[in-house]
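Dear colleague,

Please find the structure below, handed over for your study.

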Amino acid sequence: MRAQPNGSQLNFRTPSRTAAPAPDLKMAVHGPVVKIHPVVLASIADSYERRNEGASRVIGTLLGTVDKHSVEVTNCFSVPHNESEDEVAVDMEFAKNMYELHKKVSPTEVIIGWYATGFDITEHSVLIHEYYSREAVNPIHLTVDTALQSNKMNIRAYISAQMGVPGKTVGVMFTPLTVKYIYYDTERIGVGLLQRTRDAPNRAKGLTSDLCQVGGAATRVQDMLTTVLAYIEEVLSGKVQADNSVGRFLTDLVSKVPKISAEDFESMLNSNINDLLMVTYLANLTQAQIALNEKLVIL
Amino acid sequence: MASRKESMSTPTAPMASTSSGATLDSPVKQIQIEGLVVLKMIKHYQEEGQGTEVVQGVLLGLVVEDRLEITNCFPFPQHTEDDADFDEVQYQMEMMRSLRHVNIDHLHVGWYQSTYYGSFVSRALLDSQFSYQHAIEESVVLIYDPIKTAQGSLSLKAYRLTPKLMEICKEKDFSAEGLKKAMIGFEHMFEEVPIVIKNSHLINVLMWELEEKSTVADKHELLNLSSSNHLEKSLQLLMDRVDDMSQDIVKYNTYSRNLSKQQQQKHQYTQRRQQENAQRQTRGEPPLPEEDISKMFKPPQPPPRMDTLLIAGQINNYCQNVKEFTSQNLGKLFLAEALQGHNS
């Protein structure tokens, strides 16, 4: 627990039940669940990379929608600010302007909190948090550890709570919240593609097309099957303890291939293939037709 | 700084004075996009696009040698009827000024648009891409296909206008002779630029984190066999376009028939005139005055050829998509056969 008694502002962090260096998802949940889209995190990382000289961290506003039990963060923008030992200055005009502009594009997004890169919550955070409390009801504070202090990029969310003795010394405490990642379907596919750029040597990847994609997907399924097979081998040879739930999944997997009689399947396959071939033929014919038309017109 | 306001349905053209310093002789050979831009485009369509409406936005980045690096983007609000006094130029200026404060590249390098089943070859796109390319040499238009992406793999293509087409647009000469002179076919309208996705190291770390933390399983939509719906839709659009094309062709045919008929009529008229004049001469009467032939027979208006070109380009695009789709499906069917073969 870290306490800094200076005047009327204290900021604590609740003690963690586990002594692990990254006590994130196991902590108490006193508040809404925070659902983050990956685009927000990518934006934060990008604005951290573009920070001004001498700035050690970046802050910005979080936009999204509020539900009864959850807060969904869908967008964010960074706000220029200056921070020194004893004072902090945030460009509030800028924040207001940007919010107006963003509202024009997506009118359903509201300010739901703010983010800061860096590992700890400092005193300045309390001041900034107060400003944001004026903009939004119960703002959440998100920290993203871009300096990778504990060899991991910790992404934590907090909400403020009043504490202390009412009337005398009151303070603000930041309680952590559960963080979940939520994707749209198309987002997941986009993120999947980005994941694959990790493996390339210069972190670059081109976009494939046509049959290559199906080939790629098939290879991935094949890899997964080999992993499963290896596990089964180990269980059979007694090296690994058999797990009933995994066994149930395996039976599900095997029974998922539908049992169709050979002739029926042949006919289905053939009719489908015929359809596709016919469509390909028609498409080629059309292309040849318009090409001819072009050439004739130019004559 | 002068700015040009183009048609209301597209983002306004960038200002001429902010174009890149050195004029490049060679056009862009490759496009490098950051992961952030991809995610933002996906999010924009997902949240704001419905059905056949397109969503648009502006791309920001910089040019490095012969590569165009796109490092950020921001969406453009759609047009609603109650926004009569909405000033697009102002929105763009304010956005870029604000982004400059946070050190985001504010160089305008192109724009993006979502598409519905690949139907994007239209006059509006041509016009706006021309204005962009005119002001900034290296600009591109990114076409993002959300429906194809939802089927399993990101569908993102970058297009530029060919220099030939740029010439034609500059002279605004869309008549048949102009196009014939330039020898433009529908294949030479747009050129596609290869795309590479590149991420910074920090984003890489983020990707590793996400993989660890997120429990969303991969759904493998790419291997889905039931996709005849998509095929039907594409073919429907293709048929509509072919109908348009055939109408155009009929118009052109009637025009050329009218033209030849008129030529014949003119010819006949001059002949008759000459005959009459000869007769009058023999009878000693003054010849009839020569009338202005062109005023009598007004030449019919040649139909514009640009639309036909666009339709042809669009049909070509649809056919390409359909072929890609069928090849993928054939592969999937053979996979299913292999799986079934083992079972029985």
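This is a predicted model: local features need pLDDT of at least 70, side-chain atom pairs count only at pLDDT 80 or more; totals for chains, interfaces and linings use all residues.

Two residues are said to be in contact when they have heavy atoms within 4.5 Å of each other. By that rule, 86 residues of chain A are in contact with 99 residues of chain B.

Residues are numbered from 1 along each chain as its sequence is written, chains are lettered from A and ligands numbered from 1 in the order in which they are written, and side-chain values use heavy atoms, with hydrogens and water left out.

**The interface**

The size of an interface is often given as the accessible area lost when the parts come together. Buried area is that loss, taken with a 1.4 Å probe and summed over both parts. Between chain A and chain B the buried area is about 8,600 Å², and carbon and sulfur atoms give 66% of it.

Helices (H or I, at least four residues) and strands (E, at least two) are DSSP runs, numbered from the N terminus. On the side of chain A that touches chain B, the elements that each supply at least two residues include helix H1 (38-49), strand E3 (70-79) and helix H7 (262-298). H7(A) gives the most to that side, with 20 residues. The residues of this side divide into 45 nonpolar, 22 polar and 19 charged. Here Ala, Val, Leu, Ile, Met, Phe, Trp, Tyr, Cys and Pro count as nonpolar, Asp, Glu, Lys and Arg as charged, and the others, Gly among them, as polar.

**Chain A by itself**

Chain A has 7 helices and 11 strands. Buried residues make up 41% of its 299 residues; buried means under 20% relative accessible area, exposed over 50%, and partly exposed in between (1.4 Å probe, protein chains only). Among the contacts in chain A with a separation of 6 or more, residues 24 or more positions apart account for 60%.

**Salt bridges**

A salt bridge is a side-chain nitrogen of Lys or Arg within 4 Å of a carboxyl oxygen of Asp or Glu. The structure holds 8 of them over all chains, and the rule finds 1 across the interface of chain A and chain B. In it, Lys43(B) pairs with Glu109(A), the closest N and O atoms being 3.2 Å apart. This pair runs from the loop between H2 and strand E6 (110-117) of chain A, where Glu109(A) lies, to helix H1 (residues 35-48) of chain B, which holds Lys43(B). Both residues, Glu109(A) and Lys43(B), are buried.

A second example joins Arg160(B) and Glu191(B), at 3.5 Å from N to O. Arg160(B) lies in strand E6 (residues 156-161) of chain B and Glu191(B) in strand E7 (residues 190-193) of chain B, so the pair ties together parts that are 31 residues apart in sequence. Arg160(B) is buried, with a relative accessible area of 3%, whereas Glu191(B), at 26%, counts as partly exposed.

Glu276(B) is partly exposed, with a relative accessible area of 36%. Elsewhere, salt bridges that share partners join Glu109(A), Lys43(B) and Glu47(B) into one network.

**Nonpolar cores**

A nonpolar core is a set of buried Ala, Val, Leu, Ile, Met, Phe, Trp, Tyr and Cys residues joined through side-chain atoms within 4.5 Å. The largest has 61 residues, and those that touch the most other members include Ile36(A), Leu62(A) and Ile31(B). Leaving aside neighbours within four places in sequence, Ile31(B) is in contact with several residues, among them Leu68(B), Val140(B) and Ile195(B). A second, separate core of 47 residues includes Trp114(A), Ala136(A), Phe76(B) and Trp111(B).

With kind regards

Note on methods: Buried area is the accessible area (1.4 Å probe) that two parts lose on being put together, summed over both.
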